[in-house]
Amino acid sequence: MRRLLCCLVVAPLIAACAKSDTAVVDTAKTAPVVAATPAPEPGAKFVGTWMVHSVTTGAAKKDTGNTFMTMMDASGNSMQPMGKDTVRYHRLSMTDSTLVMESTPHRDPMMKAEVVTHVEGKMMGDSMAGTWMSKATGAKAKSVAGTWTAHKAP
């Protein structure tokens with residue numbers, strides 16, 4: 001009789017404590033899944049149209065330099081000054097705040113020779129500044145260098 005009484009008392013306790021097979025629905029709000037956005041390319045800050053003012057080192061005082069527009073493409077791989085003589089540039093290196101580019105060989109009217117222009121620059125806020133050097137592809141002409149500043153065109 002003792003066993004029967006023990007079974008009658010213990011069996012309901014075991015049944016009450018047993019886990020059920022049905023899952024409990026969690027009503028707590030879950031955070032939305034946000035896709036990771038890729039980091040922008042290093043040249044992203046340089047993309048767009050820029051007004052560039054360039055001055056030749058050692059130029060006469062009356063020579064205040066020249067101003068032209070340049071377009072930086074979306075890949076950050078090339079720069080193309082716009083105007084009378086269009087010259088393409090390609091990226092040698094680029095970070096978030098610096099760029100180093102070099103032109104394709106082109107005829108420089110000031111040097112009266114075919115040259116390759118090497119450009120280095122640094123981003124400062126919404127402006128850029130840097131140096132340039134044009135080297136003749138032939139051995140006759142000397143190199144010409146200077147400085148430049150640029151601001152985004154409206």
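**Note on a predicted β-strand chain**

1. S134 sits in strand β8. Strands here are DSSP runs of type E with at least two residues, helices are runs of H or I with at least four residues, and both are numbered from the N terminus. The model is predicted: local features need pLDDT of at least 70, side-chain atom pairs count only at pLDDT 80 or more, and totals for chains, interfaces and linings use all residues. Residues are numbered from 1 along each chain as its sequence is written, and side-chain values use heavy atoms, with hydrogens and water left out.

2. S134 is buried, at 3% relative accessibility. Buried means under 20% relative accessible area, exposed means over 50%, and partly exposed lies in between (1.4 Å probe, protein chains only). The side chain of S134 makes a polar contact of 2.9 Å with the side chain of T117. Such a contact is a pair of N or O atoms within 3.5 Å; within protein, one must be able to donate a hydrogen and the other to accept it, and residues adjacent in sequence count only if both atoms are side-chain atoms. Beyond four places in sequence, S134 touches D108, M111, V115, V116, T117, S143 and V144. Touching, or contact, means heavy atoms within 4.5 Å.

3. Now the chain as a whole. The protein chain has 1 helix and 9 strands. Its order along the sequence is α-β-β-β-β-β-β-β-β-β. The chain has 154 residues, and 26% of them count as buried. Take the contacts with a separation of 6 or more: residues 24 or more positions apart account for 35% of them. The accessible surface is about 11,300 Å², with 62% belonging to carbon and sulfur atoms. Areas come from the Shrake-Rupley method with a 1.4 Å probe; for residues, only the protein chains shown count as cover.

4. What joins the side chains of W132 and S54? A polar contact of 3.0 Å does. S54 belongs to strand β1 (residues 48-56). W132 belongs to strand β8 (residues 127-136). S54 is buried, with a relative accessible area of 11%. W132 is buried too, at 12% relative accessibility.

5. Leaving aside residues up to four places away, S54 touches G65, N66, F68, W132, T147 and W148. W132 and T147 are 15 residues apart along the chain, yet their C-alpha atoms are separated by 6.0 Å.

6. Next, the core. The largest nonpolar core has 19 residues, and F46, W50, M72, L99, M128 and W148 touch the most other members. At least two residues of this core come from each of β1, β4 (89-94), β5 (98-103), β7, β8 and β9 (144-152). A nonpolar core is a set of buried Ala, Val, Leu, Ile, Met, Phe, Trp, Tyr and Cys residues joined through side-chain atoms within 4.5 Å. In soluble globular proteins, nonpolar side chains tend to be buried together. Beyond four places in sequence, W148 touches residues including V52, S54, V119, M128 and W132.

7. One backbone point to check. K112 is not a glycine, yet its phi is positive, at about 55°. Where is K112 found? The loop between β6 (106-108) and β7 (113-124) holds K112. Is K112 buried or exposed? K112 counts as exposed, at 63% relative accessibility.
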